[in-house]
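Try each task before reading its solution.

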Amino acid sequence: MRVENKLTQEQLAEKLQVSRSTISSWETGRSYPDLEMIIVICDCFHVSLDFLLR
């Protein structure tokens, strides 16, 4: 969704108030956002929790 919305990792990191390396870790599967952050991500991209998790 980040790429579809034409956001760099740095831009998304700023929106979510995390580091760029955190975004990279999520995208590569090295780590995963916690539930609270998943909700913030849903709000950021205007998608449902169900959509994001499936």
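**Exercise 1. Work out how much space the largest pocket holds and what lines it.**

Solution. Start with the volume: in this predicted model, the largest pocket holds about 300 Å³ of space. The lining has 14 residues, and W26, E27, P33, I41 and L52 are the ones nearest the centre. Now sort the lining by type: 12 residues are nonpolar, 2 are charged and none is polar. Last, trace the helices: α2 (20-28), α3 (35-45) and α4 (49-53) each give the lining at least two residues.

**Exercise 2. Find which residues I41 touches, skipping neighbours within four places in sequence.**

Solution. With those neighbours set aside, I41 is in contact with L16, W26, P33 and L52. Then check the largest nonpolar core, where I41 turns up again: its 9 residues are L7, L12, A13, L16, I23, W26, M37, I41 and F45. At least two residues of this core come from each of α1 (9-16), α2 and α3. For background, nonpolar side chains tend to be buried together in soluble globular proteins.

**Exercise 3. Decide which residues of α1 are buried, and say why they line one face of the helix.**

Solution. First pick out the buried ones, those under 20% relative accessible area: Q9, L12, A13 and L16. Now look down the axis of α1: these buried residues fall within an arc of 105°, so they line one face. As for what covers the buried residues of α1, the cover includes α2 and α3. Finally, step past the end of α1 to Q17, which has a positive phi, near 60°.

How values were computed. Residues numbered from 1 in each chain as written. Predicted model: local features only at pLDDT ≥ 70, side-chain atom pairs only at ≥ 80, totals over all residues. Heavy atoms only, no water. 1 Å grid on protein atoms, 1.4 Å probe; cavity = no way out; pocket = protein on both sides within 12 Å on 5 of 7 lines; lining within 4 Å. Points joined across faces, edges and corners; volume = space filled by probe spheres on them. Helix = DSSP H or I, 4+ residues; strand = E, 2+ residues; numbered from the N terminus. Nonpolar A, V, L, I, M, F, W, Y, C, P; charged D, E, K, R; others polar. Core = buried A, V, L, I, M, F, W, Y, C linked by side-chain atoms within 4.5 Å. Buried < 20%, exposed > 50% of the residue type's maximum accessible area, 1.4 Å probe, protein only. Contact = heavy atoms within 4.5 Å. Arc of directions from axis to C-beta.
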